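I opened this notebook to record what I looked up in the structure, one topic per entry. The entries follow the order in which I worked.

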Amino acid sequence: MDMDSDSAAKAADEPDWLMDEPLEHAGAASEQASAPPWRVLIVDDDVDVHVVTKFALSQASFQGRRLSFLHAYSGAEALAVLRGTPDIAVVLLDVIMETQDAGLQVARQIREELHNSAVRIILRTGQPGQALEHRIIIDYDINDFWCKTDLTTRKLFTTVIASLRTYATLREAEQQLADLAAALARRSDTP
């Protein structure tokens with residue numbers, strides 16, 4: 001049997017890469033049950049994109065936490081959801097919805113008006129263009145940019161998990177800064 005056949009045979013015997021991560025210790029099951037899910041906001045005017053995205057990520061988990069999906073079908077809906085749900089970790093954001101740049105305006109408002117620097121923004125477009133992509137990466141505080149036709153299930157999974165990892169790290173750093181500020185405030189209050 002050649003190397004490719006061996007690899008294919010091993011891959012067929014291995015569990016699906018999109019399934020839950022193995023539990024590291026006996027207490028992980030109870031932690032997973034009590035840990036809130038990661039919130040992912042899907043913003044797209046195409047219902048099929050919502051269905052396919054949710055299906056592709058339905059079995060994914062990170063740090064023992066599943067994903068929970070929120071849905072918006074326009075830029076205005078997306079901003080309303082983000083205002084009402086501050087713990088959204090990832091936004092999968094279509095560029096062209098009710099206007100040619102609705103998604104870009106949402107990205108700008110997330111950072112400038114909502115002052116949310118932690119949420120990871122992944123732009124997706126059905127209108128590829130390298131010049132457009134370069135300009136968007138430079139001009140907007142987004143974390144990734146994909147043409148929908150290039151974003152396979154595996155790439156979507158990888159992008160979302162990497163974004164969750166970054167989000168978790170940012171939130172942890174924010175908490176450490178808040179704890180440090182509180183400790184410094186207590187020290188300055190003591191005579």
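**Entry 1. Terms and model.** I count a residue as buried when its relative accessible area is under 20%, as exposed when that area is over 50%, and as partly exposed in between. By this rule Asp44 is buried, because its relative accessible area is 0%. I note at the outset that the model is predicted.

**Entry 2. Overall composition.** I read off 7 helices and 6 strands in the protein chain. Along the sequence, I recorded their order as α-α-β-α-β-β-α-β-α-β-α-β-α. I then looked up burial for the chain as a whole: 36% of its 191 residues count as buried.

**Entry 3. The salt bridges of Lys148.** Side chains of opposite charge can pair when their charged atoms come close. I therefore took up the salt bridges, for which the count comes to 7, a nitrogen-to-oxygen distance within 4 Å being required.

I began with Asp44, which forms a salt bridge with Lys148; the closest N and O atoms are 2.7 Å apart. Asp44 lies in the loop between β1 and α3 (47-57), and Lys148 in the loop between β6 (144-147) and α7 (153-189), so this pair ties together parts that are 104 residues apart in sequence. I looked up the cover on the lysine as well: Lys148 has a relative accessible area of 27% and is therefore partly exposed.

I next found that the side chain of Lys148 also meets that of Asp94 in a salt bridge, at 3.4 Å from N to O. Since Asp94 belongs to strand β4 and Lys148 to the loop between β6 and α7, the pair ties together parts that are 54 residues apart in sequence. Asp94 is buried, its relative accessible area being 4%. Through shared partners, the salt bridges join Asp44, Asp94 and Lys148 into one network.

**Entry 4. A further salt bridge.** Which residue does Arg39 meet in a salt bridge? I found Asp87, with 2.9 Å from N to O between the two side chains. This pair links distant parts of the chain, 48 residues apart: Asp87 is in the loop between α4 and β4 (88-94), and Arg39 is in strand β1 (residues 38-43). I recorded the accessibility of each partner. Asp87 is partly exposed, with a relative accessible area of 38%. Arg39 is also partly exposed, at 29%.

**Entry 5. Negative charge on the surface.** I looked for a gathering of negative charge and found a surface patch made of Asp45, Asp46, Asp48, Glu77 and Glu98. I followed up one of these members, Glu77, which is placed in helix α4 (residues 75-84). Glu77 counts as partly exposed because its relative accessibility is 38%.

**Entry 6. Strand β5.** Is strand β5 mostly covered or mostly open? I found that β5 (residues 120-125) is mostly covered, with 6 of its 6 residues buried. Both faces share in this: Arg120, Ile122 and Arg124 are buried on one side, and Ile121, Leu123 and Thr125 on the other. I then looked up its pairing with β4, which runs in the parallel sense over 5 bridges. Within β5, Leu123 is the residue that stands opposite Leu93.

**Entry 7. Backbone angles.** Most residues other than glycine have a negative phi. I listed two residues with a positive value. Gln63, not a glycine, has a phi of about 55 degrees; its place is in the loop between β2 and β3. His115, likewise a residue other than glycine, has a phi near 50 degrees. His115 is found in the loop between α5 (102-112) and β5, and it is exposed, with a relative accessible area of 64%.

**Entry 8. Gly64.** I looked up Gly64 in the loop between β2 (61-62) and β3 (65-72). Gly64 is partly exposed, with a relative accessible area of 25%. How far apart are the C-alpha atoms of Gly64 and Ala35? I recorded a separation of 7.7 Å, for residues that are 29 apart along the chain.

Notes
Residues are numbered from 1 along each chain as its sequence is written. This is a predicted model: local features need pLDDT of at least 70, side-chain atom pairs count only at pLDDT 80 or more; totals for chains, interfaces and linings use all residues. Side-chain values use heavy atoms; hydrogens and water are left out. Patches are made of residues with over 30% relative accessible area and no salt bridge: like charges are joined within 9 Å, nonpolar side chains (Val, Leu, Ile, Met, Phe, Trp, Tyr) within 5 Å. Accessible areas come from the Shrake-Rupley method with a 1.4 Å probe; for residues, only the protein chains shown count as cover. Lys and Arg count as positive and Asp and Glu as negative; His and the chain ends are not counted. The place of a charge is taken as NZ of Lys, CZ of Arg, CG of Asp or CD of Glu. Helices (H or I, at least four residues) and strands (E, at least two) are DSSP runs, numbered from the N terminus. Buried means under 20% relative accessible area, exposed over 50%, partly exposed in between (1.4 Å probe, protein chains only). Two strands pair if DSSP finds at least two bridges between them.
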